[in-house]
Amino acid sequence: MPSTLKRIGILTGGGDCPGLNAVIRSIAKPAMSFFNSKVIGIVDGFEGFVEGRMRELTKLDILGIVNLGGTILGTSNKGDPFHYPVEGPKGITILDYSEHALINYQKWDLDALFAIGGDGTMNIAYKFSKMGMNIIGVPKTIDNDLEATDVTFGYDSALAVATEAIDRLHTTASAHHRVMVIEVMGRYAGWIALGAGLAGGADIILIPEIPFKWSSIFESVLKRSRGARFSIICVAEGAKPLDGQLVVKEQDVKRTDPLRLGGIGDMVARRITEETGLETRTTVLGHLQRGGSPTAYDRILATKFGSVALQAASEKKFGNMVSLRGRDVELVRLEDAISRQRLVPLDSQLIFTARSVGTSFGD
Ligand code: F6P
């Protein structure tokens, strides 16, 4: 089949998530077989793009990767080319290195670039598309916090891990009559905590969208200590008390988002022990939520995303991001997709449902 896609580039940017390899495969496989394209893998996201770390992928590279977690290309959540951290004698300076990436794009003679990533990656992709690169964006994140798509792949896999963890905590919580706090990821959105908390039957779910009252949590766990004799609290890393701040583990200017969240789980557990005397333990699920194989749902969604992205590039529909709307994958302009974070709406049916089965949101 004659094609304008003689040479295409693929990069994965930001935090990894299950399903990235399924996208790489569903772009690269048909590109090699039907379009006879050369497929260039950009190593370690935009950092590798700036530094020119790129290599041609072979059919062998993409063999048997649909079920593989992580990304065969490597990724990085540092190294935004427009705010590139450069180490010097006086410390880190932030410079605009976008021209370096543009030169590599031209040097490798790319007809299209597929940028697979979250909001940070889509922002960068948009800026490069304005500079003349032929870009198609593919959204991913376990946080599920992109407004421009109904769901991102990675979310379902993270939910499966978090739900299983809650199931496991239930048995030990019940055996020891303890309060178990589980801290899950999600950045500024509560989708993982809400989904896993609902699926795992958590007694209290704390999400960033609903700042919680300490007194409400203490009352709930004390009440349960007299009945069921154990409680499960699923807390999003971005949750905060009404009178408090986000709990930040680390700040790093090299990161696309300088804040690394974490620690609210321990804080909740400590306050419960102090105020109620109940024996409490914390589990921080961390990167277990991002590692491992994608679920069947995520493999299918990621494969659909890649396939529609390649189709769009073959029709020269650049400057777009693929997006799930209902059952179908559509295209949305990158400028309409960026910087629109999707938080849990307060009138969400998920919140209503959780409340109807007795779950408290600490409000
Ligand atoms: O955006 C995905 C995510 O896993 C967030 O849920 C979390 O806050 C962050 O990335 C963790 O980043 P890192 O892998 O750099 O610790």
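How far is an oxygen atom of the ligand from an N or O atom in the side chain of Arg 255? In this predicted model, the distance is 2.7 Å. Taken alone, the ligand exposes 400 Å², and the protein buries 85% of that. The ligand takes up the space of the largest pocket.

**Shell around the ligand**
- The residues surrounding the ligand are Asn 77, Ile 142, Asp 143, Met 185, Gly 186, Arg 187, Glu 237, Arg 255, Arg 260, His 287 and Arg 290.
- By class, this shell holds six charged, three polar and two nonpolar residues.
- The ligand lies between domain 1 (7-153 + 294-337) and domain 2 (155-291), because both domains give residues to the shell.

- Asn 77 has a side-chain N or O atom 2.9 Å from an oxygen atom of the ligand.
- Gly 186 takes part through its backbone, where a polar atom is 3.1 Å from an oxygen atom of the ligand.
- Arg 255 places an N or O atom of its side chain 2.7 Å from a ligand oxygen atom.

**Cavity**
- One cavity of 30 Å³ or more is present in the structure.
- The largest cavity contains about 40 Å³ of space.
- The lining of the largest cavity consists of His 177, Arg 178, Val 179, Val 221, Arg 224, Ser 225, Arg 229, Phe 230, Ser 231, Leu 278 and Glu 279.

Note on methods
Residues are numbered from 1 along each chain as its sequence is written. This is a predicted model: local features need pLDDT of at least 70, side-chain atom pairs count only at pLDDT 80 or more; totals for chains, interfaces and linings use all residues. Side-chain values use heavy atoms; hydrogens and water are left out. A residue is near a molecule or strand if one of its heavy atoms lies within 4 Å of it. A polar contact is a pair of N or O atoms within 3.5 Å; within protein, one must be able to donate a hydrogen and the other to accept it, and residues adjacent in sequence count only if both atoms are side-chain atoms. Accessible areas come from the Shrake-Rupley method with a 1.4 Å probe; for residues, only the protein chains shown count as cover. On a 1 Å grid over the protein atoms alone, a cavity is a set of points where a 1.4 Å probe fits but cannot get out, and a pocket is an open set with protein on both sides within 12 Å along at least five of seven lines; lining residues have an atom within 4 Å of a point. A molecule sits in a cavity or pocket if more than half of its atoms lie within 2 Å of its grid points. Ala, Val, Leu, Ile, Met, Phe, Trp, Tyr, Cys and Pro count as nonpolar, Asp, Glu, Lys and Arg as charged, and the others, Gly among them, as polar. Domain bounds come from an automatic or database domain assignment. Grid points are joined across faces, edges and corners, and a volume is the space filled by probe spheres set on the points.
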